[in-house]
Amino acid sequence: MRPTDKRIDDTVAEVLRESFEPMDPQAKTAVRERVLHEARAHRRRGVLLTLPRRVAAAAVVATTLTGGLAYATNASLPGDALYPLKRAAENALVALLPSGALERHVLVELAARRAQEASRLEVRGDHELTSETLGEFRKAYEKASGPDGELADDETARIRENVSEQSGATKTEVDEATVPQNGSQGSGQQQPEGSSGPGPTEEPAPGPSGGSDGGGTGGQDSGSSGGGQQQGPGKWRQQSRNIRGPSGVLAL
Amino acid sequence: MTDRKLARLVARARRGDVGAFGLLYDEYADRIFGFARARGRSVHDAEDLTATVFLKAWESIAAYDERGVPFSAWLFRIARNAVIDDYRRGQRIPIPTEDVEPDGAADGPEAAVVARADAERLRRAVRQLTADQAAVVALRYWWDMSLKDTAEVLEKNENSVKALQHRAVRTLARLLQEDGSYETD
């Protein structure tokens, strides 16, 4: 390139740069106020979504234990933006609990939740998510029922409680899973001692392997499931891209 | 703004920090406005479009991945889509001149013409460029975006961007000459 051409190019660049038209300062401020005002209003709807994942998960865990405030999260379904958060909180909770009656209670509760989610999805007509969720239900049920595969009547009732009559596949699946074994009742009431913790070893899905140490397995549970949700390109991620508003959970 | 400061602001904005988002607005609002103006919007419409772009950015900022395109590039995509949406809604925009090559012209005389143009005439001429040419002018000259990032955000290779840049300058020169104010040497 000839020297003159380069100098002209530089001059052109400079002149073009200087032709840049900024906003009128008053207009810039006015638009700023408009934008931030709306941003604040918009934010309130989805504040849980914009918290860092672990903080939000802990918040949901805390409110789960106290039974109150995270209704929107706890009511979320697969495909909702909040759903991975709900699952992360559940995993965190399970990891925290020592094996025993409380852990058992929570695991039954989680199986009941999966059943309810599947039922709601099916009634809504979302068949693909329903069958995924039924897969999750099976896993949760196995975790809850332990190696002997049985639950007490009240536990079974809890799981079946929120399954709609109108859900077809879900109702069938849950009914079949919770059919009491002939002649045995209440054996599920045994408190699993350290060695028979959650998670049978022959878990079909890529979940945590059933370890013999309840606490350790619990830790693995939350680690791998949480990791799966954070890293894996699961359906939930893809679904949530369509949600308006900060879809913060998945990208954090 | 340094890259680090920018990254911190973006991280805070993603967590819902409106104040941090306001600082991002301060940094980029003029660029969005300038681009909207280059694409033929009136001052009022360009201001509205700026507001729209930042609101859309706020809505989806949690989905912005720092490891992906630079923040400015991400913002530009929102801006360009907003301009296109505007167009589809039937806003009246001046029709850009056709991208006709000047006959056998070298870079020298055209560039010299542009170099002598004053800012307002130049802006008027920029508004008559094609969408791609205007985008390259905005990104390369007003946003100071690197060739690499510009190519990525426009989804072209770097040579195409360079060619667009040269063609934009030549077209600007022609428009300025037609304006009647300038003669080539």
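**Notebook: the A–B interface and the cores**

I began with the contact between the two chains, to which chain A gives 36 residues and chain B gives 43 residues. I note that the model is predicted.

I then looked up the buried area. Chain A and chain B bury about 3600 Å² between them, and carbon and sulfur atoms account for 65% of that area. On the chain A side, I found that Leu16(A), Phe20(A) and Glu21(A) lose the most area to chain B. Together these residues make up 19% of what that side buries.

I have seven salt bridges between chain A and chain B. One of the salt bridges joins the side chains of Arg32(A) and Asp26(B), at 2.7 Å from N to O.

I asked which helices of chain A supply the side that touches chain B. At least two residues each come from α1 (3-18), α2 (25-45) and α13 (248-251) of chain A. The most come from α2(A), with 12 residues. By type, I sorted this side of chain A into 17 nonpolar, seven polar and 12 charged residues.

Last, I checked the nonpolar cores. The largest has 76 residues, and among those touching the most other members are Leu16(A), Leu24(B) and Trp143(B). Helix α2 (residues 18-38) of chain B provides the largest share of this core, 12 residues. Beyond its neighbours within four places in sequence, I find Leu24(B) in contact with residues including Leu6(B), Phe54(B) and Phe71(B).

Conventions:
Residues numbered from 1 in each chain as written. Chains lettered and ligands numbered in written order. Predicted model: local features only at pLDDT ≥ 70, side-chain atom pairs only at ≥ 80, totals over all residues. Heavy atoms only, no water. Contact = heavy atoms within 4.5 Å. Buried area = accessible area lost by both parts, 1.4 Å probe. Salt bridge = Lys/Arg side-chain N within 4 Å of Asp/Glu carboxyl O. Helix = DSSP H or I, 4+ residues; strand = E, 2+ residues; numbered from the N terminus. Nonpolar A, V, L, I, M, F, W, Y, C, P; charged D, E, K, R; others polar. Core = buried A, V, L, I, M, F, W, Y, C linked by side-chain atoms within 4.5 Å. Buried < 20%, exposed > 50% of the residue type's maximum accessible area, 1.4 Å probe, protein only.
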